[in-house]
Amino acid sequence: MKYTQTAGEKSTVKLTITFTEEEWQEALNKSYARVRGKYSVPGFRKGKVPKPVLETYYGKGVLYEEAFNVLYSEHYGNILEKEKENFTAVGEPSLEVEDLTEGKGVVLGAIVPVKPEITLEKYTGLKIQKFEYNVTDAEVEKEVEKILQSGAQKVEVSDRACKTGDLVNIDFSGSVDGEKFPGGTADDYNLELGSGSFIPGFEEGVVGMKIGDTRDINVKFPEDYQAENLKGKDAVFNIVLHKITENKLPELTDEYVKSHSQSATVEEYKKSVRSRLEKSAENKGRDETENSIINEIAKGAKAEIPDAMIESEIDRLVQDFSYRLMYQGLKLDDYLKYMELSMQDFRAQYKEQAEHRVLSQLVVDKIVKSEKFTAEDKEVEAKIEEQAKSVEKTVAEYKKGMDPRQLDYIKNDIIITKMFDFLKANNEMYGGEVKKTPAKKAAAKSEQSKAETEKKAPAKKPAAKKE
């Protein structure tokens with residue numbers, strides 16, 4: 001076997017693979033051994049038909065397809081390994097038979113999608129926004145309140161209007177242009193006001209209602225709403241409120257904190273909460289700053305990204321979304337039916353995000369390669385020691401239970417940290433402290449960012465209820 005490679009269009013490589021007549025005949029013999037059990041010929045038991053008889057009865061082409069598979073499976077991987085310094089395959093090849101002449105062997109052609117070359121306008125000397133988040137006393141107090149939730153008592157109230165934080169039981173029926181739409185109606189639905197579960201304006205519209213009240217709420221679906229027929233549309237929801245329940249929290253005392261946490265006093269617990277929130281704020285600021293850096297550099301990046309890379313990234317995004325649905329007790333197929341979406345349309349919504357993620361990764365890979373960032377053995381060992389200490393194990397014990405992929409992750413983390421340290425030092429980082437949004441709303445936004453397609457709307461909740 002011998003092969004040649006030439007550059008193709010849109011980040012592809014054309015492999016022309018030539019097999020000798022001996023190699024082709026060997027592949028045909030292997031094909032015969034694999035497929036003979038599928039065919040019957042009068043006078044022979046199934047699977048016992050001699051190869052010449054089988055070819056005569058069904059034609060020589062009966063063994064060709066499997067023979068091509070044999071040649072591909074036995075040689076394609078070896079070719080990629082030999083050429084790994086020249087290109088990286090990022091998807092399955094498109095195969096064709098270029099020549100098949102009896103007595104002269106066979107020539108196969110493979111169009112291979114490969115990792116594209118990327119050119120960067122510049123990645124130093126840029127002006128890039130950085131993000132930092134502080135932690136307010138109000139946020140600490142709101143987080144501290146959560147420890148009281150485990151001891152909270154649900155109490156029905158009837159002598160006041162509902163307010164943010166209450167759990168209300170309602171009927172709702174939505175319409176657009178006077179017509180009801182799928183998922184816009186539910187009876188006896190329990191909704192926590194202020195949870196951010198529904199589209200903007202819905203929960204706010206319920207606040208202030210009393211038991212037995214009926215109210216029409218005017219809202220507007222977001223422009224980026226999941227269902228095409230509802231994007232940006234004005235809607236009216238008729239609401240009937242049946243019940244109001246509030247959480248009656250216990251008193252926050254040293255005794256209560258000691259029995260519900262690892263802290264001995266209220267003050268100690270508040271300090272631990274602040275420390276945790278500050279760490280979270282630090283991580284959020286770092287992540288958003290690093291995203292800001294890559295996004296700015298990517299503006300001057302050029303690459304012909306093959307469709308295979310985009311489709312693979314969409315596969316990952318769809319799989320992530322499917323897992324999140326599973327945690328809610330839903331299946332993706334049921335979700336698509338409920339939202340009246342085809343899989344093709346659902347995947348199309350991820351295309352822009354997938355393209356951005358692929359381009360960002362190419363930017364990172366290019367900078368790492370250009371600057372020759374590596375993970376030294378002593379740096380890897382230090383990281384392993386740090387992780388072992390965090391779980392109260394010796395380095396030997398920790399290494400014994402390590403997955404090989406974990407080692408790759410550690411090395412990659414060291415390299416990426418070096419890269420961002422370099423980029424922060426060699427670009428003008430401007431901006432600074434940003435006041436954090438209230439904890440509850442921030443959490444809702446965070447959830448929304450995890451799944452762009454999982455938009456908040458009344459239409460979703462009854463689906464979960466029915467399941």
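**Ground rules.** I worked on a predicted model, where local features need pLDDT of at least 70, side-chain atom pairs count only at pLDDT 80 or more, and totals for chains, interfaces and linings use all residues. Residues are numbered from 1 along each chain as its sequence is written, and side-chain values use heavy atoms, with hydrogens and water left out.

**Cavity.** I looked for cavities (sets of points on a 1 Å grid over the protein atoms alone where a 1.4 Å probe fits but cannot get out). I found 1 of 30 Å³ or more.

I then listed its lining (residues with an atom within 4 Å of a point). Ile-17, Phe-19, Leu-71, Tyr-72, His-75, Tyr-76 and Leu-108 line the largest cavity. β2 (12–19) and α3 (64–82) each give two or more residues to that lining. α3 gives the most, with 4 residues. Helices (H or I, at least four residues) and strands (E, at least two) are DSSP runs, numbered from the N terminus.

**Strand β4.** I checked burial next (buried is under 20% relative accessible area, 1.4 Å probe, protein chains only). In β4 (residues 106–113), 7 of the 8 residues are buried, so the strand is largely enclosed by the rest of the structure.

**Pairing.** Strands pair if DSSP finds at least two bridges between them. β2 and β4 pair antiparallel over 8 bridges. Lys-14 stands opposite Ile-111 in β4. β3 (residues 94–100) also pairs antiparallel with β4, over 6 bridges. Glu-96 has Gly-109 in β4 as its bridge partner. In the β3 and β4 hairpin, with 5 residues between the strands, I noted Gly-103 at a positive phi near 90°.

Definitions and conventions: 1 Å grid on protein atoms, 1.4 Å probe; cavity = no way out; pocket = protein on both sides within 12 Å on 5 of 7 lines; lining within 4 Å. Points joined across faces, edges and corners; volume = space filled by probe spheres on them. Buried < 20%, exposed > 50% of the residue type's maximum accessible area, 1.4 Å probe, protein only.
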